[in-house]
Every structure is written in C-alpha cells, then in structure tokens.
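Have the sequence and the 3D view open as you read.

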Amino acid sequence: MKKLYLILPLAGMALTAYPQKKADRKTLGNLQAHVAYLASDKLEGRRTGTPGEQLAATYISGQMQAIGLSPKGSDGYLQQFTVREGLEAGPKARFSINQHPLKPGTQFLPLPFSARKSAKGEVLPGVNEVDNVWLIDVKASEDEINPHASPLEFYQKKTKEAKESGATGIVFFNGGEDLQTVSRWLDLPAEILAIPAIWVGAEGSKTLSADDANGFQLDLQADLAPSKRTGTNVIGYIDNGAPATVILGAHYDHLGYGEDRNSLAPDEKAIHNGADDNASGTAALLELARMLKESKLKNANYAFVAFSGEELGLFGSKYFAEKGPVPMQQVNYMVNMDMVGRLSADKGLQIGGYGTSPSWGEVVPAALPKGLKVNYDSSGLGPSDHASFYVKDVPVLFFFTGTHGDYHKPGDDAEKINYDGELTIVKLVYGIVEKTNSRPKLTFTKTRDMQPMGGDKKPFTVTLGIMLDYTFNQGAKVELVSDNRPAKKAGILPGDVIVQMGDHYISDPMSYRDALATFKKGDKTTVKVKRGSEAKVFDIQF
C-alpha cells in the first residue's frame, strides 16, 4: 500500500557517487546480505501471520541482538498483535456436487450464520422442494437484493425463508462477491440459523449453472471453527537515559503468494519476495541501528521497530503507537523507510512528512548530499507506518524511492535493488539524526490531507479528507478528519463508521477505497455512517 505524492522537485539531477570508504563497503555488504535473506524464496513472501513472517522476525531479532540492542518487545524483541479474530471453515466442512468434492476455504465457505449441520439430496435446477437442499442462483435473484444493504442481509433473509419452507439446507452460487469478502463476513457477529448454509465460489458456480444439467447430487456439512491471525513487530532499543526517544521504523511483511487480494498480478500464483517492498527498508533499519549503536549520539534514546501487518493496513505500527513500550508523549520524532531500494536519477528520493515540524526545513537540507534529487511532500498522512505516529501528534519523515513495474508483483527481487542508492539514503537518515542530536525536542505541526495514492489496483483522484482506522473491518472507521475537506464540510466526525457511499456498500477500508475510485472531482453522492447506535446520511460533493 504505497504512495504517490504531489511532487515538488528541489535539488540536482544526478545521484551522488560516494567514495568507497571501508565503513561504506561494510554497510553495502550488510545491506546486500539482509535483503538477500529477507527476499529469498525460503520466507515465501513474509505474509503476516505465516511461518515466513516468523523466519523474518527471528532473523531481524538475531541481528538486533548481535548489534547490541536491548529487547523492547513484550516477549524479548517480539511484540505480537491480533490482525483478525473470527471464524474459518472447520475441519468437518465439506461440499460435493455429483460426488466431486470442493475445497473448503478456497472453493466454498459456510456462511457465518450457518448451523453446524449436514444435509444431502438430489436437487433439480430451479426447483426448491420441502425436505431437500435448496439451490439459490444469486445472479438470477438480483431483483430481491437491496442495493443499499450488505449482500449478507440477502443471504440471511433467504436462509430464513428456506427453513420456514421446509428446506434442509441451502447453497448459494453465482454471488457477486469474492472469496475474500465472504471470508471477512466470518469476522462479523451473527445469529445462528437452523439449517446449514453454504456459499460457493466460481468453479462450483460454473457447474451449478450448466445449461445441460438435469440434476445434482449434493452433500454438504457446514462447520466453522475459531480463527485468529496474529502479526509480530520486532523492537530493539538503545537506552541513553535521555528524556526523549527517536523511533526509526520499517515494515518487513509482504504479500506471500498474494492471498490477501493485494497483489497486482492476481492471476499469477507465485512468491512475492518484496525485495524493495520492504526488505530494503528493513535492511536500512538494521544498518542504522548498528551505526547509531557505535556512535557518540547520546542525547536521545533510539527505538528500532520492524513492523508487520503494514500491507494489511498498518496493523503493527498502529498497535505499537497505542500499546507499545514507548509512550508517544516521550517520542521526539519518527522516521519511516518504505521502499528505499530503487533510487534513480530521474525519480530521485521522495521525502514525506516535511511539514510535520518546522525544524525539518532546516535539518533535512543541511543533511542532503550534493547532487541528490529530492521531492518533498508536506503531509504526515499516507498509507504507510508513519501515519500511525502522525495521528498521535508525532513529527514524522517518510523516505521512499517510488513505485515501479515490479510493485506488488513477483518480480520485486533482490538483484534489482540499487544498493549504492540505498547507502545514500542510509547515510542521509543518519545525518538527519545526527543534526537533531543537539536540538531540543521538535515541535509538531499538523499538515494538509494526503494526496491520492499510486500503486493500488484502483487509484483514486478524489478524497473525503479522512484517515481511516485500517484495523477496523466492520465498515470504514474514521480516525481523523482534515479541515476544509468534503467530510469535514458535511459533518462527518472521528469515530463515525462509513457503511455506504452512494450505491457502494462499505465493509472495510479496502472496499472504501474501491468505492472512492469510482468518483471524480465535482461528483455528488451520499455517505451513510453509523454514529454509535444512530445511522446518519451526509451529502458529499468532491
């Protein structure tokens, strides 16, 4: 979930060529070694909550220990947090069509209100009988579906009707939603109904829609089991006994095989190694930790945090900012490095958060090497981990070398990293930390709203002017409302949960972004929110 900012080019056009000092050669070698391991196939894309993520966490904590950092997590260097807690297809779940079994969790799912029961029968297409399983073609039932409500309400209503009419079970096919959406439904509380209810994906729907089908032998068992997905931050610390702490961070999670619907190559099941995104930032973090541990910069404490859950919505950084070992009022500033491995002369380096403290206007230019093209963005918001600290009134800086053709695709590999360019960024960040060492605690300044993102499947050109709680998945929960933007003008408040935008039902931050992508400047629509127990509708013009 990366970023495309309103760019203001400032400095020269060429990248600086550093003389290869011994210290630089050591840093370069370490950067290459870190990225090579973190972006290797062995880690299978470092998807949050997987064994690959844990291998990465073990490597990072081992490096922190070797550097001499103190552990600052809740379990040594590790800090675990919950990504989701709900239900998944249980071990007894089954569904077969004409004795051909479908795979639970990928080709079919029990619905969250389903009874944990079995049912079987010989079913004729379009004929729903008493004491038999009912087949519901969702596409053919569009007239019954309320376009202003969640499709889940239709499934519940139809299941109740089926039970009242004597059905023993119900199977839905040809639904407009995908597997990930139905999986998220399993996180929602639901009243358990009296018969088993199954949602069938594309493969089963194709079979059940066949024009030449005379009938189907259906055999199903609905079973749901508790499911909890966790992520792990890795936290090291240098305690200099100072009153304030500087946080340096980078997320180390990536996409795995693209299971979370965040790959830009969705038809290609392959490991997404994420060398630039964000093994590069994690490698830079470890090298800065080593350099600061060996330095004489003692006027601040330093926390080094490798976040997980960023690709799912800033889960790790949000948890650290709210429940971490460093109180936010003691934090001087936060530096975030996300995708710093593709520095090029034409794009240069993008530095976000430039307006979050008046001190950055003095400190950052003084630390820049000659010849480095820099593009500044003032905003402290954006879809990366620095946003979790900005909303806590902490000055931030965000370093980013831009999107590219391999972004969120399997081709983001270690051999494509510009290690000399990454060395430039590591030395720049170190220089900024060095120049703040003798300064008093930085003053925080609020900034304008974030600019539209780049790299998403559906980039948007308008904004409501809000910051979402990306960890909330029962709508889009508003965490911050920017002044003089459409949401503020309409009366939307922090804490409101957006459940509908125009004709689009909003189930989570991702569906909010998908809906936003359908609007352009000047469009008018309505936004429905839940405010406590009340529902409110606001008129919006972009």
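## Ground rules

This is a predicted model, where local features need pLDDT of at least 70, side-chain atom pairs count only at pLDDT 80 or more, and totals for chains, interfaces and linings use all residues. Residues are numbered from 1 along each chain as its sequence is written, and side-chain values use heavy atoms, with hydrogens and water left out.

## Strand 12

Buried here means under 20% relative accessible area, with a 1.4 Å probe and protein chains only. Strands are DSSP runs of E with at least two residues, while helices are runs of H or I with at least four, numbered from the N terminus.

In a regular strand the side chains alternate between the two faces of the sheet. Thr 245, Ile 247, Gly 249 and His 251 point one way, with Val 246, Leu 248 and Ala 250 pointing the other way.

## Its neighbours

Strand 12 pairs with strand 13 (residues 301-307) in the parallel sense over 7 bridges; pairing takes at least two DSSP bridges. Thr 245 has Asn 301 as its bridge partner in strand 13. Strand 12 also pairs with strand 14 (residues 331-337), again parallel, over 5 bridges, and Ile 247 stands opposite Met 334 there.

## Asn 278

Asn 278 sits in helix 6 and counts as buried because its relative accessibility is 0%. A polar atom of the Asn 278 side chain lies 2.9 Å from the backbone oxygen of Met 337.

Terms used:
Buried means under 20% relative accessible area, exposed over 50%, partly exposed in between (1.4 Å probe, protein chains only). A polar contact is a pair of N or O atoms within 3.5 Å; within protein, one must be able to donate a hydrogen and the other to accept it, and residues adjacent in sequence count only if both atoms are side-chain atoms.
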